[in-house]
Amino acid sequence: MGTKRFPLFVDLAGKKAVVIGGGTVGLRRAEVLARFGAEVTVISPSLAREAEGIRCVLRPYAPGDLDGAFLVVAAASDPAVNEAAGREARRLGVIFNRSDNPADCDFFFPAVCEGAGMVAGLAGDGRDHGRTARTAKEIRKILESSKDET
């Protein structure tokens, strides 16, 4: 069994978040962070799609890119880039998430479920991502249906 994780809800309004990697995972995480008020910068040589409302720097990650960040998500396709970002984040005391190596994360990016004035974050133990996705979908349905009751 995986390690039990404590769910922590953080106010991201106005806080700098840096996402390394402009692929599907990186952009999805960037959009979630922006939805919660973070000032998000995506750093990547290319983007999987357009990222509306998010600052994008179209070049590879470089040391110094994490200065002033509150949190960092490394979702580059190159594990060496993610590792380098993790070293810089730790040196700066910035909380760090890495999409390709859960053992190298300070926090885990949950499945975010929103509706009816509530937010739920769901994280599994890493053994069954499909089950986590299905459960998150059910929670979203419940939150959507509770809008009708208010």
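Visitor: Which residues does valine 19 touch, leaving out those up to four places away in sequence?
Guide: Valine 19 touches Gly26, Ala30, Leu33, Val40, Thr41, Val42, Ile43 and Val73. Touching, or contact, means heavy atoms within 4.5 Å.

Visitor: What kind of model is this?
Guide: It is a predicted model, where local features need pLDDT of at least 70, side-chain atom pairs count only at pLDDT 80 or more, and totals for chains, interfaces and linings use all residues. Residues are numbered from 1 along each chain as its sequence is written, and side-chain values use heavy atoms, with hydrogens and water left out.

Visitor: Back to the core. Which members of the largest nonpolar core touch the most others?
Guide: Val19, Leu33, Val40, Val42, Leu71 and Val73 do, out of 18 residues. A nonpolar core is a set of buried Ala, Val, Leu, Ile, Met, Phe, Trp, Tyr and Cys residues joined through side-chain atoms within 4.5 Å. Buried means under 20% relative accessible area, exposed means over 50%, and partly exposed is in between, with a 1.4 Å probe and protein chains only.

Visitor: Which elements supply at least two residues each?
Guide: Strand S1 (16-20), helix H1 (24-35), strand S2 (39-44) and strand S4 (71-74) do. H1 gives the largest share, four residues. Helices (H or I, at least four residues) and strands (E, at least two) are DSSP runs, numbered from the N terminus.

Visitor: What lies apart from that core?
Guide: Another core, of 14 residues. Val57, Ala69, Ala89 and Val94 are among them.

Visitor: New topic. What is the volume of the largest pocket?
Guide: About 1000 Å³. On a 1 Å grid over the protein atoms alone, a pocket is an open set of points where a 1.4 Å probe fits, with protein on both sides within 12 Å along at least five of seven lines. Lining residues have an atom within 4 Å of a point. Points are joined across faces, edges and corners, and the volume is the space filled by probe spheres set on them.

Visitor: Which lining residues lie nearest its centre?
Guide: Phe109, Leu122, Gly124, His129 and Thr132, out of 32 lining residues. H1, strand S5 (95-98), strand S6 (111-115) and helix H3 (129-147) each give two or more residues to the lining. H3 has the largest share, seven residues.

Visitor: Where does leucine 122 lie?
Guide: In strand S7 (residues 118-122). Leucine 122 is partly exposed, at 22% relative accessible area. Beyond its neighbours within four places in sequence, leucine 122 is in contact with Pro110, Ala111, Thr132, Thr135, Ala136 and Ile139. Leucine 122 and proline 7 are 115 residues apart in sequence, yet 8.5 Å apart in space, C-alpha to C-alpha.

Visitor: And threonine 132, buried or exposed?
Guide: Threonine 132 counts as buried because its relative accessibility is 19%. It is in helix H3. Outside four places in sequence, threonine 132 is in contact with Leu122 and Gly124.

Visitor: What sits over the ring of phenylalanine 70?
Guide: The charged end of lysine 15, 5.3 Å from the ring centre. For this, NZ of Lys or CZ of Arg must be within 6 Å of the ring centre and within 35 degrees of the ring normal.

Visitor: Last one. What is the phi of alanine 116?
Guide: Near 55°, a positive value in a residue other than glycine. Most residues other than glycine have a negative phi. Alanine 116 is in the loop between S6 and S7. At 28% relative accessibility, alanine 116 counts as partly exposed.
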